[in-house]
Amino acid sequence: MLARDPENRGDFYYAVRTTGIYCRPSCPSRRAKAENVRFYDSCEDAERAGFRPCRRCRPRAPSLAAERAAIVAKICRYIDAGTGTPTLAQLAERAA
C-alpha cells in the first residue's frame, strides 16, 4: 500500500475511517493517518462495514492490467478470425 504497487491484484483493500471511503492499495490518493486505516479482504467486506468505493481508483472496476488484457484478447480473436493480415489502422480501430 505504501509503495502503491499497480500490480496488486485485489488481494486486499483499505478503508479510511475519517472519509468513509475504501480504495485499492495502488490508489494515488493522499495517504491517510495509520490510525484511521482499516484493511479488508474484499470490496463487499468494506461496504458491509459502511465504506463506499473510491471514485479515483474505482476498486470495483477491473484493474488496468485486466482491461488491457481484455483488449489484447479481443485483438487476437480479430486476427485469428480474419483471412488476411490486418493493417495497424484496422487493429487500432478495433482496440478503440
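Ala 15 stands opposite Tyr 22 in strand E2, and in strand E3 the bridge partner of Ala 15 is Arg 38. Strands here are DSSP runs of E of at least two residues, and helices are runs of H or I of at least four, both numbered from the N terminus.

The model is predicted, so local features need pLDDT of at least 70 and side-chain atom pairs count only at pLDDT 80 or more, while totals for chains, interfaces and linings use all residues. Residues are numbered from 1 along each chain as its sequence is written, and side-chain values use heavy atoms, with hydrogens and water left out.

The protein has three helices and four strands, in the sequence pattern β-β-β-α-β-α-α. The four strands form an open sheet with the order E3-E1-E2-E4 and mixed pairing; two strands pair if DSSP finds at least two bridges between them. Strands E3 (37-40) and E4 (52-53) are at the edges with a single partner strand each, so one side of each has no neighbour in the sheet.

Strand E1, residues 13-16, pairs with E3 in the antiparallel sense over four bridges. E1 and E2 also run antiparallel, joined by three bridges. In their hairpin, four residues lie between the strands, and Gly 20 takes a positive phi near 75°.

How are the faces of E1 covered? Tyr 13 and Ala 15 on one side, and Tyr 14 and Val 16 on the other, are all buried, where buried means under 20% relative accessible area with a 1.4 Å probe, protein chains only. In a regular strand, side chains alternate between the two faces of the sheet. Of the 96 residues of the protein, 26% count as buried.

Tyr 13 and Tyr 22, both buried, form an edge-to-face aromatic pair, at 6.4 Å centre to centre and 90° between the planes. Such a pair needs ring centres within 6.5 Å, and edge-to-face needs planes over 60 degrees apart. The structure holds three aromatic pairs.

Of its 13 lining residues, the closest to its centre are Val 16, Thr 19, Ser 29, Arg 30 and Ala 32. E1 and E2 (21-23) each supply at least two residues of this lining. A pocket is an open set of points on a 1 Å grid, with protein on both sides within 12 Å along at least five of seven lines, and lining residues have an atom within 4 Å of a point.

Technical notes:
Rings of Phe, Tyr and Trp (its six-membered ring) pair if their centres lie within 6.5 Å; planes under 30 degrees apart count as stacked, over 60 as edge-to-face and the rest as tilted. Buried means under 20% relative accessible area, exposed over 50%, partly exposed in between (1.4 Å probe, protein chains only). On a 1 Å grid over the protein atoms alone, a cavity is a set of points where a 1.4 Å probe fits but cannot get out, and a pocket is an open set with protein on both sides within 12 Å along at least five of seven lines; lining residues have an atom within 4 Å of a point.
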